[in-house]
Number of protein chains: 2
Amino acid sequence: MVSKNQIKLITGLVQKKNRTEQQLFIAEGIKVIQELFQSDFELVHLYTVANLNIQVPSDKITQITNNELKRISALTTPNECLALFKIPISSKINDHELIVALDDIRDPGNLGTIIRLCDWFGVKQLICSETTVDVFNPKVVQATMGSLARVRIVYADLVDVLKKTKLPIYGTFMDGNNIYTEQKTREGIIVMGNESNGISKNIEQLIQRKITIPRFGTQQKTESLNVATATAITLSEFCRNS
Amino acid sequence: MVSKNQIKLITGLVQKKNRTEQQLFIAEGIKVIQELFQSDFELVHLYTVANLNIQVPSDKITQITNNELKRISALTTPNECLALFKIPISSKINDHELIVALDDIRDPGNLGTIIRLCDWFGVKQLICSETTVDVFNPKVVQATMGSLARVRIVYADLVDVLKKTKLPIYGTFMDGNNIYTEQKTREGIIVMGNESNGISKNIEQLIQRKITIPRFGTQQKTESLNVATATAITLSEFCRNS
């Protein structure tokens, strides 16, 4: 049984201001919940219609009906269980690895896809500019398919981070060096820019190595690659020889 | 001025059965319309609120109001103009190039992204299984950003096509050869599978070279890459040394 107050709290978490105030976010579906639970995320409460094979203290689990799940779910097709987790406290940035930094990514689907790519390519740290869409948005949590449990995500002032780092800073542009032939280091920060405007001017000044994914089409009219597909190709190039 | 019958015809084209019956599809926004118009697509009629710099016979253009555009547009935010084009007659498959084949891709966004990737990497032919989402779905037309004008798309029985072709047939699987080290030919068909189930059993039997994008993460839990990002990495690998 879910109380009216709980329903109000949970459904409120689709809004960023409520997530920030409560320091809580929603995850739905057993796979995502299990992966977050088994990593460093702190489970606050689990609501489920099914008997789950997951070791949660009894005061943190509530059996609910399908109708109750429908009322609290952010999904069109609710998925057996919904959990509340605490938003983790931002970790420090480690200066000895390959890091992806996002400059003002707005689309939740793109952010989710990029987190999955980081996970696939073993990138453990993702830095998001403060204008990037919130990773604890329920749509992003679903789109990550559990990769959120394995990639540390920090929201930070990107200018500040890039000014302080000792790592080489790469950025993807339309007029940089060919990514296939450019020397690439094992450690570094790769900046990916906004869906419409690319990397912003104040960040561009801090990029040390501009790279480009060359176009192979003869007609040269394709405007640009989507940021998620550009990230896929870029990470593949940084990792393929490592 | 748009008549009631025209409104009925145009708004009906969001449904596949009406597109098939009328052999027409909708494109919106000057950029997409211009690129389709300048390629082999046959313009049937253009509805516009603005004066456009496009050479269309006067009987094929209708000036409309913003309110009329809202009534016929499939977009939440209509974009100055809407055009009806004829669905082209399927062209023959050319056996001397790099071709992408899609086995049951269901998401319109993924199909749109893959068409843009084909365009970027100079792949001129895309073969879609008959179960793949319709490319003339207004969402796909918008997502292609004009690449539709440069990539030939054929819907066909994929089993039949693969049985008849003389080209080497590649397919992406979880357990194939490492794509980074596998010998890749300049001509060939690359099959990409369904979002949830990958390549279907009857297609798998016809794949001659199974390839895999290796996972670099240490935890080995990331289930799979999204089909659009996997296509990005695969096309990049086939083209980077060509």
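Modeller: Tyr47(A) stands opposite Thr62(A) in β3(A). The model is a predicted one: local features need pLDDT of at least 70, side-chain atom pairs count only at pLDDT 80 or more, and totals for chains, interfaces and linings use all residues. Residues are numbered from 1 along each chain as its sequence is written, while chains are lettered from A and ligands numbered from 1 in the order in which they are written.

The pair of residues belongs to a pair of strands. Strand β2 (residues 43-48) of chain A runs parallel to β3(A), and 3 bridges join them. Helices (H or I, at least four residues) and strands (E, at least two) are DSSP runs, numbered from the N terminus; two strands pair if DSSP finds at least two bridges between them. In chain A, an open sheet of 4 strands with mixed pairing has the order β1-β4-β2-β3. β1 and β3 (61-63) of chain A are its edge strands, each pairing on one side only. On average, neighbouring strands of the sheet are turned by 15° against each other, direction ignored; the angles are taken between axes, which are lines fitted to C-alpha atoms (for helices over the stretch in contact), and run from 0 to 180 degrees between N-to-C directions.

Chain B can be read alongside. There, β2(B) and strand β3 (residues 61-63) of chain B run parallel with 3 bridges, and Tyr47(B) has Thr62(B) in β3(B) as its bridge partner. Strand β2 (residues 43-48) of chain B is also joined by 5 bridges to strand β4 (residues 81-86) of chain B, and these two run antiparallel. His45(B) stands opposite Leu84(B) in β4(B). β2 and β4 of chain B are also among the elements that cover the buried residues of α3(B), as are β1 (24-28) and α6 (138-143) of chain B. Those buried residues of helix α3 (residues 30-38) of chain B are Val32(B), Ile33(B), Glu35(B), Leu36(B) and Phe37(B). Buried means that 20 or more other C-beta atoms lie within 10 Å of a residue's own; with 12 or fewer it is exposed, in between partly exposed, and C-beta atoms are placed from the backbone.

Domain 1 of chain A gives 14 residues to the contact and domain 2 of chain A gives 10, where residues are in contact if their C-beta atoms, placed from the backbone, lie within 7 Å. On the side of domain 1 of chain A that touches domain 2 of chain A, α2 (16-22), β1 (24-28) and α3 (30-38) of chain A each supply at least two residues. The residues of that side are 8 nonpolar, 1 polar and 5 charged; Ala, Val, Leu, Ile, Met, Phe, Trp, Tyr, Cys and Pro count as nonpolar, Asp, Glu, Lys and Arg as charged, and the others, Gly among them, as polar.

Finally, chain A has 9 helices and 10 strands. Buried residues make up 42% of its 242 residues. Along its principal axes, the C-alpha trace of chain A spans about 60 × 40 × 30 Å.

Methods: Contact = placed C-beta atoms within 7 Å.
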